Amino acid sequence: MTQPIHAKTVWISDVHLGFKDCRVDYLSSFLKNIKCETLYLVGDIVDLWWIKKKPHWPKDHYEILMLLYDLAEKGTQVIYVPGNHDDPIRKFAGQKMGPVFIMNEHEYITVKGKKILVMHGDAMDAYIQHGWIIKRMGEIAYRTLLWVNRWTNFIRELCGKPYFSLSYHIKENVKSAKKAITQYKNECIKEAKRREFDGVICGHIHYPDLDIQPDFMYANTGDWIENCTALTEDYSGDFHLLNCIGNTQLHDNHIELVTT
């Protein structure tokens, strides 16, 4: 990404620093080219789960943290809403980590005065019924998928072809995956409406989505392992879901133009 992005507010999530499939190359470029008043880090920024299993902390992952701190030091309000993979950070909710504010969730008021719940979304897992064996099989399948995705794109890059999210394609076309994604989305919407919010912004499931209805907005920021996406609100109050690989805009059907 080389084109600067000017926005009032930016949301990213599921970076998973410390995990070898984190696309720090695209994220570094994105962070160097955004200008915004507020940046939300919507959970799973540092993958403490993975670091505990297999310590992995290369220099370019550390540099991402420095870019975030640099944005905060230069005037961007950075709000960190931890997720399940960086759960220990939740104990610092209400405090500051250097120039970064830590919040377990946050209420965001849009340019148009709408009240939006910002949360990572892992709490919704309690409403999605999967047995332990199915969950474990899912973890193994997901790691295998990322391995295939990594080597597929390595070969595509050698052939001069653009990045392709194999995992997103599978989630779009496998019935059981679509069902789980829809159930997660519905539970997030239900929770936000129960608490009288006008919308919800979340992450967690690595599935970028922007669904704006007349009376409610659901947005999932996606991730920086499979999709490299970010959500923005501009100064007119319009929301955009960005593909930060091709510097294009997405909507929930993963095409180039989003209408708000």
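**Entry 1**

By salt bridge I mean a side-chain nitrogen of Lys or Arg within 4 Å of a carboxyl oxygen of Asp or Glu. A note on the source: this is a predicted model, where local features need pLDDT of at least 70, side-chain atom pairs count only at pLDDT 80 or more, and totals for chains, interfaces and linings use all residues. Residues are numbered from 1 along each chain as its sequence is written, and side-chain values use heavy atoms, with hydrogens and water left out.

Both partners belong to helix α6 (residues 175-194), and because they are three residues apart there, about one helical turn separates them. I take helices (H or I, at least four residues) and strands (E, at least two) as DSSP runs, numbered from the N terminus. Lys190 is exposed, with a relative accessible area of 51%, while Glu187 is buried at 14%. For these words I use under 20% relative accessible area for buried, over 50% for exposed and partly exposed in between, with a 1.4 Å probe and protein chains only.

I also noted a network: Glu105, Glu191, Arg194 and Arg195 are joined by salt bridges that share partners.

**Entry 2: Other salt bridges**

How many salt bridges does a search of the whole structure find? I have twelve in my notes.

One of them pairs Lys112 with Asp238 through their side chains, at 3.5 Å from N to O. This pair links distant parts of the chain, 126 residues apart: Lys112 sits in the loop between β6 (106-109) and β7 (115-118), and Asp238 in the loop between β11 and β12. Lys112 is exposed at a relative accessible area of 55%; Asp238, at 23%, counts as partly exposed.

I also checked Arg90, whose side chain meets that of Asp87 in a salt bridge of 3.0 Å, N to O. Asp87 is partly exposed, at 37% relative accessibility.

**Entry 3: Strand β11**

Is β11 enclosed or open? Five of the five residues of this strand (residues 229-233) are buried, so the rest of the structure largely encloses it. Thr229, Leu231 and Glu233 point one way, Ala230 and Thr232 point the other way, and all are buried.

Next I looked at the partners of β11, with pairing taken as at least two DSSP bridges between two strands. β1 runs antiparallel to β11, with three bridges between them, and Thr9 has Glu233 as its bridge partner. Strand β12 (residues 239-243) is also antiparallel to β11, joined to it by five bridges. There, Thr229 stands opposite Asn243. The hairpin of β11 and β12 has five residues between the strands, and Gly237 takes a positive phi near 90° in it.

**Entry 4: Arg23**

Arg23 is in the loop between β1 (5-12) and α1 (24-32).

Trp49 lies in helix α2 and is partly exposed, with a relative accessible area of 45%. Which residues does Trp49 contact, leaving aside its neighbours within four places in sequence? I found Asn84 and His85 (contact meaning heavy atoms within 4.5 Å). The Trp49 side chain reaches the backbone oxygen of Asn84 at 3.0 Å. Phe19 is 30 residues from Trp49 in sequence, and the two are 9.3 Å apart in space, C-alpha to C-alpha.

Trp57 is in the loop between α2 (48-53) and α3 (59-73), partly exposed at 38% relative accessibility.

**Entry 5: The whole chain**

To finish, I wrote down the overall numbers. The protein has six helices and 13 strands. Buried residues are 50% of its 260 residues. Among contacts between residues at least 6 apart in sequence, 64% join residues at least 24 apart.

Note on methods:
Polar contact = N/O pair within 3.5 Å; in protein donor to acceptor, adjacent residues only side chain to side chain.
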